Amino acid sequence: MYLYNHNFRKEIINIFTILIISAIDKRVVENISRKKSVLEAGVLLVFFLLIFSVTEKLHAAAGDSISNTATINYDIAGVPASDSASASFLEDRVINFSVIESDGGSAVPVVSDMADAVLQFTVTNLGNASQDFLLTAVNTSPNPFGSPVDNFDPLAGTIQVFVESGVTPGYQAAEDTAVFVDEVISNTSRIVYVVADMPTQAIDDVSAIALIAQVAEGGAAALEGNPVNADDNGNISPAGIFSNGTTNMPAGIANTIPDSISTMETVFNDPAGLNVEDVSTDLNQDVASNGQHSDAGAYQVMSPVSIVKTVTVLDTLGGTDPHPGSTLRYQLDVTVSGNTAVDNLVISDAIPANTTYTDNSILLNTIAQTDADDAPIDYSQAIDILSKPVISIEVDLSQGGTVSVAPGVTNVIIFEVTID
Amino acid sequence: MKNIKQKMAAGLMIFVMAMMTSVEAYAEGAIRFSNNAFKQVISKSADGSTTFDYVEPGLVLPDDVILYEIVFENISDQEVSNIVVNNPIANNSTYRDRSATGDSTTITFSVDGENFASADALTVKDKTGKIWKAKPEDYKAIRWIYTKPLKPGEKGKVTYKTTIK
């Protein structure tokens with residue numbers, strides 16, 4: 001079973017195979033590693049850039065009277081005189097906005113049976129008036145990030161959408177409770193989360209989800225505006241159910257209002273979805289100028305356990321030259337992701353060819369471990385320590401099935417070998 | 001007595017106002033002055049040529065281009081001189097670079113509505129006090145100085161364009 005998500009920007013620094021046995025997937029997988037802290041810092045930075053982004057070009061409010069008065073001064077028969085003349089008209093309202101998945105252009109790793117798995121999107125108002133945006137998330141396909149193909153849906157009835165409150169970055173169930181985007185001024189953005197429960201799935205399985213935003217009237221803070229489901233140029237929005245099932249919007253009724261210099265007309269100018277997985281609430285391809293726009297993200301099931309493996313060379317002369325006799329110190333940082341604790345987590349690592357295990361060199365979280373299979377003194381061992389050569393080391397992080405390994409905790413395993 | 005004084009004062013006021021009104025009416029009567037806004041509509045025909053049409057600004061959205069056309073016509077029987085047309089840039093609008101036109105005029109611009117200079121000579125000061133050449137989006141007003149007298153029956157026209165913000 002090869003665990004590999006090609007979209008992860010990760011550094012693969014493992015040198016040889018590590019065996020992971022976990023109760024959740026009960027699979028043997030190859031090691032995948034990534035610099036989690038760097039990724040998290042990047043995600044945080046992007047988050048702040050998005051939530052506080054206000055572009056320089058702020059569109060004026062629709063409905064403004066644009067008025068201009070020219071004056072003329074002149075002399076006639078030596079007498080100064082003047083006159084003035086005005087021209088005015090109304091600025092009309094253009095509705096334009098973007099919906100962009102904001103998980104770095106890759107599927108979000110989730111764990112089988114995970115509750116509240118989160119996808120992140122950004123909704124940006126590109127029109128010239130403050131608007132509310134109604135939201136809904138739907139199953140879609142194919143996988144917006146290519147392969148593997150979309151092959152499962154979140155548990156029925158669990159897909160919900162919430163808007164970032166701005167208090168704490170990232171989805172916080174207690175804080176991010178708004179179900180519509182409220183009062184987005186021109187050229188500003190809001191973060192939106194799709195939250196869903198995962199069924200029991202195999203590693204690598206993918207579920208694509210489209211977030212659809214529907215424009216609604218702004219103007220009243222904290223109140224969900226009425227959807228704008230028709231413009232004044234004959235364009236309409238398809239019917240849809242928004243706000244986690246609480247708003248049922250009928251399809252718009254086409255109407256065409258003559259252009260006038262004294263009334264504000266509304267014009268849908270939202271773009272079409274570029275990809276087939278971008279859909280409107282009628283589940284057809286997202287078309288231009290219908291007051292709706294969408295983008296798709298995806299969940300991908302992965303092992304909940306990630307291992308970052310590094311090696312340090314310590315030669316006999318105090319340097320770092322890997323010559324015969326040099327010591328190779330391997331460090332395995334084992335982290336559980338997702339939001340579910342892992343049981344029966346045993347880490348195994350084979351001793352590389354042309355090296356010899358250094359007796360009693362296993363450290364777990366800086367605590368020395370014995371090589372013997374002597375639980376409950378400790379839960380680490382060097383396999384074949386009695387018959388030699390040692391072929392692998394094994395650390396049972398679940399301590400004989402008595403302990404669950406919580407997500408977010410990193411266990412550090414170190415052992416040493418010498419080059420033959 | 002008091003009553004008569006009041007009546008006299010009132011009468012004087014009416015006379016003065018009538019005089020002022022007549023002077024102004026005469027002056028206004030000398031020039032027929034108009035200011036019209038049009039939306040620029042660009043259409044491309046099948047042969048690839050581009051046509052610019054200017055229509056009533058009934059539907060105006062951000063990034064639309066507006067053409068302002070200001071016309072002054074001498075409808076008196078006397079020559080009119082020292083004609084100056086002043087035009088602030090409208091709200092929600094940005095002046096489009098090099099769009100101001102006007103035959104027999106000297107065109108200047110202002111970034112504060114008071115001090116006018118040619119586009120090349122106009123400057124703005126940033127927060128640190130550094131002086132920069134003004135950009136078209138900095139312009140707050142345009143002034144056309146008509147460089148010759150306008151004879152009876154003659155007409156002058158100045159134009160410029162803005163972009164809607």
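Two strands count as paired here if DSSP finds at least two bridges between them. The strands themselves are DSSP runs (E, at least two residues), numbered from the N terminus.

Before we walk through it, note that this is a predicted model, in which local features need pLDDT of at least 70, side-chain atom pairs count only at pLDDT 80 or more, and totals for chains, interfaces and linings use all residues. Residues are numbered from 1 along each chain as its sequence is written, while chains are lettered from A and ligands numbered from 1 in the order in which they are written.

Now for the sheet. Six strands make up an open, antiparallel sheet, and its order runs β3(A)-β2(A)-β4(B)-β11(B)-β7(B)-β8(B). At the edges sit β3 (79–90) of chain A and β8 (116–117) of chain B, each pairing on one side only.

S110(B) stands opposite F116(B), and F109(B) has A117(B) as its bridge partner in β8(B). The hairpin of these two strands has five residues between them, and G113(B) takes a positive phi near 80 degrees in it.

On to the next pairing: β7(B) and β11 (residues 141–146) of chain B are antiparallel too, over six bridges. F109(B) turns up again here, with I142(B) as its bridge partner in β11(B).

Stepping back to chain A, we find domain 1 (18–32 + 303–419) and domain 2 (40–54 + 92–301), with bounds that come from an automatic or database domain assignment. The C-alpha centres of these two domains lie 44 Å apart.

Notes. Helix = DSSP H or I, 4+ residues; strand = E, 2+ residues; numbered from the N terminus.
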